[in-house]
Amino acid sequence: MAVTGAGVSLASMVSCQSESSTVKNFGKLTFSDEQASKYYPQSILSAEPRANSVVLWTRLAEVGRRNKSLPLVLQMAKDEQFEEIILYFEAQAELERDGCVSIKVIDLTPNEHYYYRFIFPSDNKNYSSKIGRTKTAPEAGQLENIKFAQVCCQDYVGRYYNSYWKLLEQDDLDFVLFLGDYIYETTRDPRFQTDDSRKVEFKDINGAIKLGSEEAPFYAARSLNNYRQLYQIYRSDPLLQKVHEKFPMIAIWDDHEFADDSFGMNSTHYTGRKDEADLVRKLNSEQAFFEFMPIDINENESPITKSLKRSELNRFPDTKIYRSFNFGSNLDLVVSDYRTYRPEHLIPEEAFPGTIIFNETALQLLLSTQGIDFESLKQYFAPYVDIDSADFVNQKALLKEALIKAYHAEGLTKNEAMKKTSALVTGNLAISVINQWLKSEQQINENLANGIGFSYGLLGKLNLFGEIGSRYFVVKQAYDLLAAATYVFNSSNQNAFGQRQELWLKNQLFSSTANWKILANSVAMNSLLLDLRDEGLNIPEPYNQLFYMNVDHWDGFPDKRKDLLDSFSAIDNMILLSGDIHAGLVGKHNDVIREFTAPALSSSTQKKMIGDIGKKDPILSRLPRLDLLLSKANELILKANKLLEYAEMTKNGLVIHYLSQDKMITDYYLLPESMTTNAYYSSKQDVLNQLEQRTFETMASQRKNKGA
């Protein structure tokens, strides 16, 4: 029985062999739930199930208490009573890894359950963890039905994981697929964390990022201690522990494991007010993730070839968490990484609404390349003037004066405000935006326009700073035009996977001979549109438009998404699984690829998030009849998104999939959001009684792959 292990994540494995193939006489064990909680406060888990291997994890808290690395023993057995022990392995829980231990056990039997426990020898006693159960995957070519759960978005602050009762009711899950946002980096973000029933208070408060106002501050993780503490707290949840003790996990990250709506090493907390590139923070978030979330990135290599030195190179910007899993002849699962390599959002959060992106000449050329008549659309674009013209000397001076005051009020220093204003108030600017900052007698008449152009304001970007009009609530037609124009000249600005990962993904999917091919993606490829043009809604300008609700997702990269989906359409029985949007969605792409988006397990639902942001945002707060729109959320989303067959914006929950050779059965289990803000940990049946089930059936096709 070969084992690879060290007190770190699989990204930092050291190979070694157990001293003996025979079981050692370990002596009497000391166990109680109280002792297990003391020595192993995050309990145990298994991960990365393959036909002949699995990774086993725990954290020995005593390492921190004694401030030194300590010995730990792993036992593995074929039975829960440990009468048939097959493995005894000595490891080290290392101080530099926060006491976390990940051990990869190989040479296991395919499609088999195993039991395991960790033992801490101290003071002539042997303190045992709880007993965990895991399962290996079917071997290649073996035809087995597969059943697994799809979960995402488990905020802890003011939230409870009651939906996990549905998983614990199961006994035959092969694994749990977690699609990101396992933790949330903030302590009490007022946009979605407003309840103090469960708190996170950083011990290393000086290492955290202070956000909010002086009167109501909240914090975001930055230091390694901050991120480690988040995993420690989240993993202390008793229902989450039970899930991990019972089923192996396959996990990827999304944004909150680092920072909301992040890209690369950039966060968006300050919505454009400052440069948020932070390599130290990114590396800290990665280290904590790999310590607490075991990832086997070298699954195709012999364990003997791994070394600590090589694995330590798996750090940003070269991080790799995308990988594949085979479950016999029935399923190939490919899990991707949307965040590490993705480019910046196409609309800067600090974009000035009046800046002209394309002047009239460029706009005419752009539209002509797409077969669109400029004259038929010119009424929708923005008349502009060259503000540097001698004709507008007074208006330019007054505009700069007004903007310096405005930027200073937004939190910039006087010098920063002056510098930013000087950079913006030049060249072609939209007349309507200029006039917003001038008194009526100072305003510029549109008859003086130099041309008709495309401004940031046309995208819905109406504030000096902010996510509205840059990441959320972006005008679709205008955004599609901007995206298409930039994609022609630089297709990499929409490639969220990055070139290397994209080539790898396609190779994995097109070379697969499994019956079902599943691509797990942390964010949805299905569009999420909101159409406020309906006359029955009676929404006035400028709100009566068709909006992308969130271009942080694949809606932000529409041209690259189309190219990928067109390519994937050639693959038989291709399924997409996604998360992050805090809504349950089912839709189709190109009539052949079905996508299932899981609702948030505990985080605020999409409806609540829109409502909370809308009421506080200076733009959305002026949206008439917001409460009425929210009450019709599901109806409006389905009406605007023709490729969606199901949308649930108001509930939490999870998804369970069952794959046979001829069909895939998908069950959504949904709870009212009110049931996530209270603990039902002693009321399993109350939760099960409240769960709403929606079932979808996908039949396997008989066509064969057409090739890439």
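This note goes through the predicted model point by point, from confidence to sheets, helices and backbone exceptions.

1. **Basis.** This is a predicted model, so numbering starts at 1 along each chain as its sequence is written, local features need pLDDT of at least 70, side-chain atom pairs count only at pLDDT 80 or more, and totals for chains, interfaces and linings use all residues. Side-chain values rest on heavy atoms, with hydrogens and water left out.

2. **Confidence.** The protein chain averages a pLDDT (the predictor's confidence in each residue, from 0 to 100) of 91. Of the residues, 93% score at least 70. Residues 1–24 have a pLDDT below 50. That stretch still has 84 contacts (heavy atoms within 4.5 Å) in the model beyond near neighbours in sequence. Residues 301–311 also have a pLDDT below 50, with 20 contacts in the model beyond near neighbours in sequence.

3. Helices (H or I, at least four residues) and strands (E, at least two) are DSSP runs, numbered from the N terminus. Seven strands form an open sheet in the order 16-17-23-26-28-27-29. The pairing (DSSP finds at least two bridges between two strands) is mixed. Strand 16 and strand 29 (644–648) stand at the edges. Each has a single partner strand, so one side of each is left without a neighbour in the sheet. Neighbouring strands are turned by 15 degrees against each other on average, direction ignored.

4. Strand 27 and strand 29 pair in the antiparallel sense, over four bridges. Gly587 stands opposite Leu644 in strand 29. Helix 14 (residues 499–511) packs on the sheet. Helix 14 touches strand 16, strand 17 (331–335), strand 23 (516–520) and strand 26 (574–578). The direction of helix 14 makes about 175 degrees with that of strand 17. Axes here are lines fitted to C-alpha atoms, for helices over the stretch in contact, and angles run from 0 to 180 degrees between N-to-C directions.

5. Strand 22 and strand 25 run antiparallel and are joined by three bridges. Val474 stands opposite Tyr548 in strand 25.

6. **Hairpin.** Strand 13 and strand 14 form a hairpin with four residues between them. Strand 13 (residues 209–212) pairs with strand 14 in the antiparallel sense over four bridges. Ile209 stands opposite Ala220 in strand 14. Which side chains of strand 14 (residues 217–220) are buried? Phe218 and Ala220 are, and they point to one face. Buried means under 20% relative accessible area, exposed over 50%, partly exposed in between (1.4 Å probe, protein chains only). In a regular strand the side chains alternate between the two faces of the sheet.

7. **Helix pair.** The axes of helix 10 (residues 393–409) and helix 11 (residues 414–424) come within 8 Å. They cross at roughly 135 degrees. Helix 10 and helix 11 are therefore oblique to each other. For angles, under 35 degrees counts as roughly parallel, over 145 as roughly antiparallel, 65 to 115 as roughly perpendicular and the rest as oblique. The crossing is right-handed; that is, the near helix is turned clockwise from the far one by less than a right angle, anticlockwise being left-handed. On helix 10, the contact residues include Leu403, Ile404 and Tyr407. On helix 11, they include Ala417, Met418 and Leu424.

8. **Cis peptides.** Most residues other than glycine have a negative phi, and most peptide bonds are trans. A cis bond joins Phe316 and Pro317, with omega about 10 degrees. Pro317 lies in the loop between helix 7 (308–311) and strand 16 (323–327). Another cis bond joins Glu541 and Pro542, with omega about 0 degrees. Pro542 sits in the loop between strand 24 (529–531) and strand 25 (546–550).

9. **Positive phi.** Glu48 is not a glycine, yet has a positive phi of about 55 degrees. Glu48 is in the loop between strand 3 (44–47) and strand 4 (54–59). Is Glu48 buried or exposed? Glu48 is buried, with a relative accessible area of 1%. Asn590, also not a glycine, has a positive phi of about 50 degrees. The loop between strand 27 (584–589) and strand 28 (593–597) holds Asn590. Asn590 is partly exposed, at a relative accessible area of 38%.
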